[in-house]
Amino acid sequence: MSELIVIGGGPAGMMAAYTAATNGINVTLLEKNEKLGKKLHITGKGRCNLTNNTDIPGLMSHVISNPRFLYSAFNAFDSQALMALFEGLVPLKTERGGRVFPVSDKANDINLALRGLLKAASVRVELNCPVYDISYRDVFLVKTRKATHQANTIIIATGGLSYPSTGSTGDGYTFAKELGHGIIPTLPSLVPLLACEPWIPTLEGLSLRNVKCKVTDSKKVLYEEIGEMLFTNKGITGPLILSASAYIAGKSEALITIDLKPGLTPDQLDIRLLRDFETHKNKDFRNALDSLLPQRLIETIISLSKIPPETKVHTITRNQRQSLVHLLKNLEIRPTGNHGYKEAVITKGGVSTKEVNPSTLMSKHIPGLFFAGEVLDVDALTGGYNMQIAFSTGHMAGQSAAKFLQREQINE
């Protein structure tokens, strides 16, 4: 009988298995795919944004759902501890915004390092081994197509519903529910957004840098940040929009406002326009914005401004100019939906944190049942924070499971 079974071979599951094994526990890791870390291969666009080089308050401030629940996990294993673990295996680098990547820019290097850790810790790994049922009666019975495993302790680290092509099909929610746990309704998050504005398809492929995105809901500001976005044929995406989507999830009345010139106040932008208009005073309006906006955006802004494109610049009124300033500072986009789990980076919702001990990640209902990673109702913004959640909760679950088993052995 295995002492510990870890279900799920993603970052959380691999870290949990490694940590428990290095604490002297016999560990079996069950993975439904043909290889470990399948989803890890596509994180950070294949580069693997491993974590964020920040302190614990920095990590906490970027968690959207239940940040306080993660305080113990972050304290036990923060980004500095994670980087220290990998530095001896894979050279790392820190990029803009504290994002940490392997120097090679290859996610596979991180995956190989994790597999190496598992091998060194003598973790038994079973691939192509999906679990289809878990029951508990004094011991856990974990059923696969190959066999029924018995275990004193299990860690469910099966991920969420995002990128189902990588095997994330929500199995962990089913297992948790059958074992008596409540599930917070799930939604795709960090996901490209759909929008109905007719001008958006004409901008497909246009990337905007250093713009400010503000998300409001009934005039309440939910999110505000400066960064990069990209127009698609049906909506918007990019790091700024993916983070914004986390605040829009489940809200039908959200509005996105883009400030195209966040470095200028309205008055400063008006002065800038006056200067440009003076330079181009004898030109048509359509030819007066070249130094202010990307070429592909000019036609759209002119159309939305309601100023006829053939208007001579020197005839543009003060009211027209101020309306243009308002438009440049408040370009409105109303989301109508998103691209769903197939393109979502993470899943919002999951196993209720109220039913899991935050100091151990053990179930409050069943002793010896632990959870780690995206299966829990915790999620964060882009920038390596969700990967850190996976590694921190995996580390804590593995360490807690080892201590639990050691206490059980003493009591016997």
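## Briefing on the predicted chain

Of the chain's 412 residues, 54% count as buried (under 20% relative accessible area with a 1.4 Å probe and protein chains only; over 50% is exposed, and in between is partly exposed). This is a predicted model, in which local features need pLDDT of at least 70 and side-chain atom pairs count only at pLDDT 80 or more, while totals for chains, interfaces and linings use all residues. Residues are numbered from 1 along each chain as its sequence is written, and side-chain values use heavy atoms, leaving out hydrogens and water.

**Overall build**

- You will find 11 helices and 21 strands in the chain; these are DSSP runs numbered from the N terminus, with helices being H or I of at least four residues and strands E of at least two.
- Along the principal axes, the C-alpha atoms fill a box of roughly 90 × 40 × 35 Å.
- Among contacts (heavy atoms within 4.5 Å) with a separation of 6 or more, 72% come from residues 24 or more positions apart.

**Surface and charge**

- The chain carries 45 positive and 38 negative charges, whose mean positions lie 2 Å apart.
- Here Lys and Arg count as positive and Asp and Glu as negative, with His and the chain ends not counted; each charge is placed at NZ of Lys, CZ of Arg, CG of Asp or CD of Glu.

**Helix 1**

- Helix 1 covers residues 11–22, and its end C-alpha atoms are 16 Å apart, in agreement with the 16 Å that 12 residues should span at 1.5 Å a residue; the expected span is 1.5 Å times one less than the number of residues.
- This helix is mostly covered, with 11 of its 12 residues buried, including Met14, Met15 and Tyr18.

**Aromatic pairs**

- Six aromatic pairs turn up in a search of the whole structure; rings of Phe, Tyr and Trp (its six-membered ring) pair if their centres lie within 6.5 Å, and planes under 30 degrees apart are stacked, over 60 edge-to-face and the rest tilted.
- One of them joins Trp199 and Phe231 edge-to-face, at 6.2 Å centre to centre and 65° between the planes.
- That pair links distant parts of the chain, 32 residues apart: Trp199 sits in the loop between strand 12 (193–195) and strand 13 (207–217), and Phe231 in strand 14 (residues 220–231).
- Trp199 counts as buried at 11% relative accessibility, and Phe231 is buried at 1%.
- Phe277 and Phe285 have ring centres 6.3 Å apart and planes at 85°, so this pair is edge-to-face; Phe277 and Phe285 are both buried.
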